[in-house]
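Please consult the sequence and the structure shown here alongside the text.

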Amino acid sequence: MIVIAPLSDVHLDGDRRAADRTRAVMEYLDALPHDLDAVLVSGDVADHGEDAEYEQAAELLRSRHPVVVCPGNHDERAAFRRGLLGETSLSTAPVDQVLRGEGFVLAVCDSSVPGAHHGFLEDSTLAWLDGLLTDTPRETPVLVAFHHPPAALHTPYVDEIRQFGEERLAALVERHPHLTAFLCGHAHTAAATTFAGRPVLVAPGVVSTLRLPWEAPTGSSEHVHLDEPPAVAFHVIGDDGRPVTHYRVVVDRR
Ligand SMILES: [Fe+2]
Ligand SMILES: [Fe+2]
């Protein structure tokens, strides 16, 4: 059994609110009596993409479990590399990463577009992912993570800035039956749908929760709930390769 805990959209901005929520989630995961196979932070780590925000992220996202962090539309690639990966390169190429666990592969793709809020997988990222899937034995489940969902979620504010160019990703999926699920963030709402016949599992937002159209008072421009508690999920991959997801809200007990 493989257990991966995704959390998303911590939006660290130097203020206590985002930091306290992030700390509460990470402390909850660290206090679990059993080890996790991975903790995935699926983007929008630093609210303004600044070095100081990544310094705070590096401290808050430390865990006794293996952690992998992917960039979102609020992140800056070079600062992300400096602050979270310890790289000195000023490269603004996509930050694509892989975590090879026992019995699974977590492919973390950079769907951010510098200077824009929508998502897109560059050709180099798709080629990298295709190679990774080709090189991974078919009995090994491969989970593919990125910030932007490749499908609309009936969330008007987010659907406009979802991942586009997704037909290229769908073509790739057809060639790789062991691509088990897509793990995303960005929408600030725990959600599930499908894309190219695979589950798309959207992690809940830590800093806020999206207000869905039928939750928003008429005429309100407030597109998020700020009073909903932060949340996290557990994706479980059983021996049959089937993903199951559980969700937990996290209460800050300090
Ligand atoms: Fe976000
Ligand atoms: Fe985002």
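D44 has a relative accessibility of 2% and therefore counts as buried, a term that denotes under 20% relative accessible area, with exposed meaning over 50% and partly exposed in between (1.4 Å probe, protein chains only). The model is predicted: local features need pLDDT of at least 70, side-chain atom pairs count only at pLDDT 80 or more, and totals for chains, interfaces and linings use all residues. Residues are numbered from 1 along each chain as its sequence is written, chains are lettered from A and ligands numbered from 1 in the order in which they are written, and side-chain values use heavy atoms, with hydrogens and water left out.

**Annotated domain**

- An unreviewed UniProt entry lists residues 6-189 as "domain: Calcineurin-like phosphoesterase"; positions follow the numbering used here, feature names are shortened, and annotations may be inferred rather than shown by experiment.
- Helices (H or I, at least four residues) and strands (E, at least two) are DSSP runs, numbered from the N terminus.

**Iron site**

- Donors are N, O and S atoms within 2.8 Å of the metal (3.2 Å for Na, K and Ca); water is not among the atoms, so sites may look incomplete.
- The iron ion (ligand 2) lies 3.4 Å from the iron ion (ligand 1), and D44 coordinates both.
- Distant parts of the chain are linked by D44, in the loop between β2 (38-42) and α2 (51-60), and H186, in the loop between β9 (179-184) and β10 (191-195), which are 142 residues apart. Both D44 and H186 are buried.

**Backbone at two aspartates**

- Most residues other than glycine have a negative phi. D44, however, has a positive phi near 55°.
- D9 likewise has a positive phi, of about 55°, and is placed in the loop between β1 (2-7) and α1 (16-30). D9 is buried, with a relative accessible area of 0%.

- In strand β14 (residues 231-237), 7 of the 7 residues are buried, so the strand is largely enclosed by the rest of the structure.
- From β14, A231, A233, H235 and I237 point one way, and V232, F234 and V236 point the other way.
- β1 and β14 run antiparallel and are joined by 3 bridges; two strands pair if DSSP finds at least two bridges between them. I4 stands opposite H235 in β14.
- β14 and strand β15 (residues 243-249) also run antiparallel, with 7 bridges, and T245 in β15 is the bridge partner of H235.
- The hairpin of β14 and β15 has 5 residues between the strands, and G241 takes a positive phi near 80° there.

**Cysteines**

- The count of disulfides is 0, a disulfide being a pair of cysteine sulfur atoms within 2.5 Å.
- The cysteine sulfur closest to that of C70 is in C109, 8.5 Å away and so too far for a bond.
- C70 is buried, with a relative accessible area of 0%, and C109 also counts as buried at 0% relative accessibility.
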